[in-house]
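This report describes the fold, the nonpolar core and some individual residues of a protein. The sequence and structure come first.

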Amino acid sequence: LENALNSRPLRKTSFVLLHGGWPYHALAQAMMDKPNTYVDFSAQTFYLGTHQLAEVLREWLSWHPEKVLCSTDAYSDVDSPLSDWEEKEVLLAGKSRRALAIALTAMMQNNEITRERALEIARLVLRENAMKLYGLAPNVAAAAPAAQ
């Protein structure tokens, strides 16, 4: 993978390490040092427990919070007790947010970041990083305060 990430012709190509490189999350963390490499933690939401995921996120966020993407990897599977993707989305999105909150809280308690920085990192991971990477425009109507 490093050959592709270091390739001159691919320098302007962005790479997203899906599933955070699971089970090689430490290697994925090292790959984030490459200017064109990002990670999402999608499948880790169902491979890892909430606190295990929080530990991975804390490590990643201490290095490159602007390169971490939230994703749940929810999908339909008739052979699963949760056969519809909507059920998985609700469960995995909640787990993602809990793990992110645990990681950021621990970073605040250790005086690594302020509360304001924790909120900023949460926005980056949950929304802003993906918007920037994929060139998505913000939904101005959704961001504007409701008229009263």
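This is a predicted model: local features need pLDDT of at least 70, side-chain atom pairs count only at pLDDT 80 or more; totals for chains, interfaces and linings use all residues.

Residues are numbered from 1 along each chain as its sequence is written, and side-chain values use heavy atoms, with hydrogens and water left out.

**Overall make-up**

The protein has 7 helices and 3 strands, in the sequence pattern α-β-α-β-α-α-β-α-α-α. Helices (H or I, at least four residues) and strands (E, at least two) are DSSP runs numbered from the N terminus. Of the 148 residues, 36% are buried; buried means under 20% relative accessible area, exposed over 50%, and partly exposed in between, with a 1.4 Å probe and protein chains only. Among contacts (heavy atoms within 4.5 Å) with a separation of 6 or more, 60% join residues 24 or more positions apart. The accessible surface comes to about 9200 Å², and 55% of this belongs to carbon and sulfur atoms. These areas come from the Shrake-Rupley method with a 1.4 Å probe; for residues, only the protein chains shown count as cover.

**Sheet**

The 3 strands form an open, parallel sheet in the order E1-E2-E3. Strands E1 (15–17) and E3 (68–69) each have a single partner strand, so one side of each is left without a neighbour in the sheet. Two strands pair if DSSP finds at least two bridges between them. Strand E2 (residues 37–40) is joined to E3 by 2 bridges, and Val 39 has Val 68 in E3 as its bridge partner.

**Core**

A nonpolar core is a set of buried Ala, Val, Leu, Ile, Met, Phe, Trp, Tyr and Cys residues joined through side-chain atoms within 4.5 Å. The largest one has 26 residues, of which Leu 57, Trp 60, Leu 61, Val 68 and Leu 104 touch the most other members. Two or more residues each come from E1, H2 (25–31), H4 (50–63), H5 (85–109) and H6 (115–134), and H4 gives the largest share, 6 residues. Beyond four places in sequence, Leu 104 touches Leu 61, Ile 113, Ala 118, Ile 121 and Ala 122.

**Individual residues**

Lys 34, in the loop between H2 and E2, is buried, at 18% relative accessible area. Apart from neighbours within four places in sequence, Lys 34 is in contact with Glu 2, Leu 5, Asn 6 and Lys 67.

Trp 22, Phe 46 and Tyr 47 form a nonpolar surface patch with about 290 Å² of accessible area together. Patches of this kind are made of residues with over 30% relative accessible area and no salt bridge, with nonpolar side chains (Val, Leu, Ile, Met, Phe, Trp, Tyr) joined within 5 Å. A salt bridge is a side-chain nitrogen of Lys or Arg within 4 Å of a carboxyl oxygen of Asp or Glu. Phe 46 is placed in helix H3 (residues 44–47).

Relative accessible areas of some residues are tabulated here.

| Residue | Relative accessible area | Class |
|---|---|---|
| His 19 | 30% | partly exposed |
| Phe 46 | 35% | partly exposed |
| Leu 119 | 42% | partly exposed |
| Asn 111 | 71% | exposed |

**Backbone**

Most residues other than glycine have a negative phi, and most peptide bonds are trans. His 19 has a positive phi of about 65°, and Asn 111 has one near 55°. The peptide bond from Trp 22 to Pro 23 is cis, with omega near 5°.

Definitions and conventions. Patches are made of residues with over 30% relative accessible area and no salt bridge: like charges are joined within 9 Å, nonpolar side chains (Val, Leu, Ile, Met, Phe, Trp, Tyr) within 5 Å.
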